[in-house]
Amino acid sequence: MALRSLLLYLSRRKRLRRWMETSPVAEQLTTRFIAGLTLDDGLAVCARLEREGILVSMDRLGESVTSPAEAEASRESYLEILHRIAASGFDASISIKLTQFGLDLSETACRTNVELLVGEAARLGKTVEIDMESSEYTDRTLDIACAMHEAHGNVRAVVQAYLRRSGKDIERMCDLHVPVRLCKGAYKEPATVAFATKREVDASYVRLMQVLLERGSYPGLATHDQSIIEEAHRFARERAIPPDRYEFQMLYGIRRDLARRFVSEGYRIRLYVPFGEAWYPYFMRRLAERPANLLFLVRNMLKG
Ligand code: FDA
């Protein structure tokens with residue numbers, strides 16, 4: 001737990017981030033979890049996964065921009081991703097973070113940026129998945145996701161099972177027919193806001209997953225937790241919920257064996273494929289989820 005907290009603390013250190021992202025060993029560090037530094041790298045991974053029957057959500061890494069110009073640049077770079085995936089014929093969604101679109105600077109400007117992107121995605125027949133960041137953003141993020149979904153019908157919101165409030169949020173998303181990606185939650189949150197133990201978080205995930213499977217609009221069950229995935233299979237079979245009514249989602253580089261098994265068994269599986277130069281906070285959250293990854297990292301660096 002102390003190591004997880006330390007890694008999450010380090011994930012927010014700006015100077016360490018700058019140093020790591022420009023380090024000559026960056027590529028060695030990142031290859032497992034990140035598809036590459038450029039859009040072409042991301043698209044190449046996307047093409048390979050599509051050939052294997054795996055769906056994709058593309059994430060241009062980055063969060064918390066510090067000027068309106070940077071927020072507009074994020075919007076433009078995501079428009080380029082949309083046009084490239086549409087031109088390639090990929091059945092891919094995009095995943096965005098609202099702080100990348102200026103949520104910390106101006107909610108109005110952020111909405112304008114997101115609206116432009118979501119409108120263009122709708123025109124191209126693509127879905128925009130709005131990642132969930134730390135709990136200070138939950139209300140604003142869900143409000144924007146709901147408004148965009150109402151206007152364009154092509155948005156997926158994210159709900160984190162570790163938040164105590166999430167039962168109510170899931171009810172609201174079901175009532176508004178907003179598709180949800182359900183994940184456990186990756187940020188450091190106080191115990192007043194989030195469940196602290198794995199047992200409580202897992203129990204919350206299962207409860208919310210059951211509501212989504214019964215009442216949700218095409219939910220995305222985002223987890224690598226095998227016992228939860230088995231529970232999803234069991235519950236769906238028991239309630240005769242067909243496998244095309246939901247999808248599983250996983251992160252690029254984690255449990256590839258499970259992803260391939262899903263495809264062979266006829267389930268839908270989407271991988272979240274991050275690429276880009278601003279990889280540090282994402283990468284540190286992956287280490288915090290499983291500190292054993294530090295060993296993998298050290299082995300990789302020694303090999304180089
Ligand atoms: P858990 O952490 O209990 O892990 C279960 C098993 O999965 C582990 O025993 C291990 O085998 C494997 N595993 C999990 N993480 C691993 C890692 N980093 N390295 C190696 N093995 C690992 N969070 C958030 O706050 N906002 C968001 O928008 C999203 N979006 C999102 C999209 C998708 C597609 C996924 C899969 C996840 C997210 N997350 C997220 C992250 C999520 O909240 C959570 O931190 C991770 O998925 C890890 O939790 P698990 O459900 O996998 O369970």
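The strand β7 (247-251) gives the largest share of the shell around the ligand, 3 residues. Strands and helices here are DSSP runs, numbered from the N terminus (strands: E, at least two residues; helices: H or I, at least four). The model is predicted, so local features need pLDDT of at least 70 and side-chain atom pairs pLDDT 80 or more, while totals for chains, interfaces and linings use all residues. Residues are numbered from 1 along each chain as its sequence is written, and side-chain values use heavy atoms, without hydrogens and water.

The shell around the ligand holds 25 residues. Lys 184, Gly 185, Thr 223, His 224 and Glu 289 come nearest.

Side chains reach oxygen atoms of the ligand. A polar side-chain atom of Lys 184 lies 2.7 Å from one such oxygen. For Thr 223, the distance from a polar side-chain atom to a ligand oxygen is 2.6 Å. Arg 286 instead places a backbone N or O atom 2.9 Å from a ligand nitrogen. Of the ligand's own 920 Å² of accessible area, the protein covers 87% (Shrake-Rupley method, 1.4 Å probe).

The ligand sits in the largest pocket, with more than half of its atoms within 2 Å of the grid points. A pocket is an open set of points on a 1 Å grid over the protein atoms alone, where a 1.4 Å probe fits, with protein on both sides within 12 Å along at least five of seven lines; lining residues have an atom within 4 Å of a point. This lining comprises 45 residues. α12 (280-289) gives the most, with 5 residues.

Notes. A residue is near a molecule or strand if one of its heavy atoms lies within 4 Å of it. A polar contact is a pair of N or O atoms within 3.5 Å; within protein, one must be able to donate a hydrogen and the other to accept it, and residues adjacent in sequence count only if both atoms are side-chain atoms.
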